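Hello,

Here is the model for your files. Please open it alongside this note.

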Amino acid sequence: MKPQSEMTADRRFSSHKPIAAVLLSILPGLGQLYNRRWIKGILFLVLSFAMLGLLYDFMNIGFWGIYTLGTIPMEDDSRSLLVQGLLSVLVTLFLAVFYVYNLIDAYKDASKLKQGFKFPSVSEGARLTWDRGFPYFMVLPGLFILTFVVIFPLVFMIALAFTNYNMYNSPPAKLLDWVGFENFTVLFTDPSWRSSLISVLSWTIIWTFVSTTLQIAVAMGLAVMVNDARVKFKKLIRTIFILPWAVPSFVTILIFAAMFNDGFGAINRELLAPFGISIPWLSDPTWSRISIIMIQVWLGFPFVFALFSGVLQSVSKDWYEAAEVDGGSRWDKFRHITLPHVMYATAPLLIMQYAGNFNNFNVIYLFNEGGPPVRGQMAGGTDILISWVYKLTFENNNYKMAAVISIIMGVIVAILALLQFRRSRSFREEKMF
Amino acid sequence: MRKTLKNRLELTGIYLIVLLMFLIISYPLLWTISLSLNPGSSLFSSSLIPENWSFVHYNWLFNDPSSNYLLWYKNTLFVATITSIASVVVVAFVAFAFSRYEFVGRKYGIYSFLLLQMFPVLMGMVAIYLLLNTVGLLDSLWGLVIIYIGGGLPMNAFLVKGYFDTIPRDLDESAKIDGAGHFRIFFQILLPLAKPIIAVVALFNFMSPFMDFLLPRIILRSPEKFTLALGLFNFINDKFANNFTRFAAGAVLIAVPIAIVFLFLQRYLISGLADGATKG
């Protein structure tokens with residue numbers, strides 16, 4: 001804060017009108033000039049004219065484009081018009097923020113001037129801006145990249161769900177049109193789409209739940225066992241248990257795919273042949289699902305194991321000793337000390353494991369490309385939502401339906417994220433005590 | 001007497017289970033190594049213990065004129081180095097702001113980072129493809145670099161922010177009183193103390209281009225621009241000339257160094273993740 005003497009030093013502008021400054025600032029900069037803030041005013045004026053001049057054409061086409069998606073086939077490419085349109089909307093949002101800031105700024109400066117507040121000199125003003133703006137400057141580069149690589153593509157994807165973009169109707173030869181919720185209606189009412197959706201969705205849920213839970217259970221069992229005081233070579237055992245996590249997963253999944261091969265895979269040839277069994281791992285949907293869950297447990301338990309091992313070592317020995325004095329059995333100790341402690345410390349990460357498997361494209365696609373095919377269905381027997389989206393996009397070029405299914409996925413992921421927030425927040429509140 | 005017997009049985013049981021796990025873990029890994037040493041090219045003839053060992057596939061990768069392996073290695077190193085350096089800079093800035101400053105949108109910024117980290121980049125693939133196409137970065141390693149930086153940003157920023165939060169604020173408060181500016185506090189106080197997490201973020205960003213085949217598959221078209229993972233994937237994805245043993249040889253050469261680095265670093269990652277998740 002400024003010292004009191006400076007605040008009351010100047011009474012020349014006691015009839016200055018903040019409202020007038022705001023009204024003048026409808027053209028950004030004028031209000032600032034009225035406030036006698038010359039440099040800021042000129043900067044704002046120049047900036048807004050420059051923006052208008054530079055972006056007018058781009059945004060004009062952009063808004064026209066996002067509304068019509070083009071009018072002349074072969075000449076207008078609906079996709080680039082959509083990109084330009086969405087960018088225009090983004091830019092407009094940014095400009096709107098600037099504009100509102102400009103109005104508020106004019107008002108604030110005017111009321112300060114009216115009270116006789118003396119403004120800092122130019123160099124001091126620059127220093128103040130730097131100070132206050134510092135966190136924004138730091139976040140800006142990251143925000144910029146994030147906007148273009150993550151946020152913009154998601155928005156674009158949402159927009160595609162409301163168009164008729166597929167293989168038969170694709171730019172530049174054809175124009176796209178907005179079709180409202182038609183794609184959603186088709187997905188939920190057309191019998192073959194609906195049955196595909198129901199079977200993929202239910203398998204996705206089973207897959208996420210079973211593979212992740214199994215992963216956690218195996219990790220928990222092993223972590224408790226290895227943590228037993230009598231076990232020797234703990235470090236070596238832990239290192240080896242972490243190996244499946246350390247090897248790049250695309251390598252191991254492809255190797256597994258070869259090993260599970262029906263005809264010449266090592267599992268059928270080396271492990272099961274002596275018993276006279278041969279299992280159709282890749283060509284039967286149920287066996288495919290079983291093998292894929294086993295592979296995911298192999299791939300995924302080490303991370304959870306490492307996590308649990310770390311937490312287990314931090315559980316105080318006194319608690320167990322106290323439980324022993326009370327005559328608690330080993331199961332009691334696990335049930336009432338180990339389990340709650342470990343779960344409490346790792347819950348957010350475990351929820352992330354569920355989200356990770358929900359989106360686990362690599363395992364599904366690399367193992368069997370989502371196959372085997374199922375009769376009367378558009379998706380394969382082991383396809384989960386994300387691999388189905390990939391197939392619809394890159395194999396069938398059915399972009400509109402891929403986008404619709406992506407939105408459904410997004411909603412589910414957001415629900416998981418919400419759970420995660422609540423966990424993290426409850427954690428923070430716990431920590432305050 | 002009965003107690004020691006029970007004790008011994010239990011311990012044997014534990015060791016048996018550990019041994020079983022060892023077998024389950026090592027079977028596919030050993031199988032890969034033996035595959036890479038098999039002279040043939042298909043899965044038919046290969047067995048866990050090769051009849052005649054040979055380094056013919058390794059030799060092919062490095063010495064055959066039609067092999068792009070070294071070129072792919074160079075591409076991957078390029079992508080990995082730039083991704084790693086740029087990520088660390090961008091991420092550290094973001095984490096610094098989120099950890100040390102109060103500003104409008106901070107709280108929602110953290111939440112949206114948490115949310116975005118759960119969306120796979122794959123969901124916006126079509127848009128990324130079109131966007132890169134418009135700016136002419138399709139089939140270019142730079143395009144790949146940008147996507148990697150952006151895609152990993154929320155997760156990485158979260159990790160580093162969690163670590164920054166554990167560094168006492170008193171340190172920078174007192175530096176501020178002594179007249180240190182924002183950047184000075186950042187570079188001379190926070191960064192040196194946050195070296196472990198910075199190293200982890202740098203390394204994981206360095207390693208991910210070695211492991212990811214999907215993004216390169218969508219973005220890169222010409223074989224001389226491939227990264228290792230994509231090139232190797234194509235060894236077996238080729239319907240007419242799949243070469244599993246060659247893939248295995250190339251895979252062993254990436255997997256071994258990555259696994260070694262990983263085993264050294266995993267405990268930092270675990271503690272970083274745990275801190276980030278519980279304190280976010």
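Below are the conventions, then the findings.

This is a predicted model: local features need pLDDT of at least 70, side-chain atom pairs count only at pLDDT 80 or more, and totals for chains, interfaces and linings use all residues. Residues are numbered from 1 along each chain as its sequence is written, while chains are lettered from A and ligands numbered from 1 in the order in which they are written.

**Confidence**

pLDDT is the predictor's confidence in each residue, from 0 to 100. Chain A averages 85, and 94% of its residues score at least 70. Within chain A, helix α8 (residues 191–227) has the highest mean, 94, and helix α1 (residues 4–7) the lowest, 45. Helices here are DSSP runs (H or I, at least four residues), numbered from the N terminus; strands are E runs of at least two. Residues 1–8 of chain A fall below 50, and that stretch has six contacts beyond near neighbours in sequence. Residues 429–433 of chain A also stay under 50, with zero contacts beyond four places in sequence. A contact means C-beta atoms, placed from the backbone, within 7 Å.

**Between the chains**

73 residues of chain A contact 71 residues of chain B. Helix α6 (residues 122–160) of chain A gives the most to the chain A side, with 18 residues. That side has 56 nonpolar, 13 polar and four charged residues. Nonpolar covers Ala, Val, Leu, Ile, Met, Phe, Trp, Tyr, Cys and Pro; charged covers Asp, Glu, Lys and Arg; the others, Gly among them, are polar.

**Chain B domains**

Chain B is assigned domain 1 (2–59) and domain 2 (68–279). Their centres, taken over C-alpha atoms, are 33 Å apart. Twelve residues of domain 1 of chain B and eight of domain 2 of chain B make the contact. The bounds come from an automatic or database domain assignment.

**Core**

The largest nonpolar core has 176 residues, of which B:Val91, B:Val94 and B:Val160 touch the most other members. Such a core joins buried Ala, Val, Leu, Ile, Met, Phe, Trp, Tyr and Cys residues through C-beta atoms within 7 Å. Buried means 20 or more other C-beta atoms within 10 Å of the residue's own, with C-beta atoms placed from the backbone. Leaving out residues up to four places away in sequence, B:Val91 touches B:Leu153, B:Asn156, B:Ala157, B:Val160 and B:Val201.

**Helical spans in chain B**

Residues 247–265 of chain B are 100% helix and 0% strand, with end C-alpha atoms 27 Å apart. Residues 110–132 of chain B are 65% helix and 0% strand, with ends 28 Å apart by C-alpha atoms.

Best wishes

How values were computed
Contact = placed C-beta atoms within 7 Å. Buried ≥ 20, exposed ≤ 12 C-beta atoms within 10 Å, placed from the backbone.
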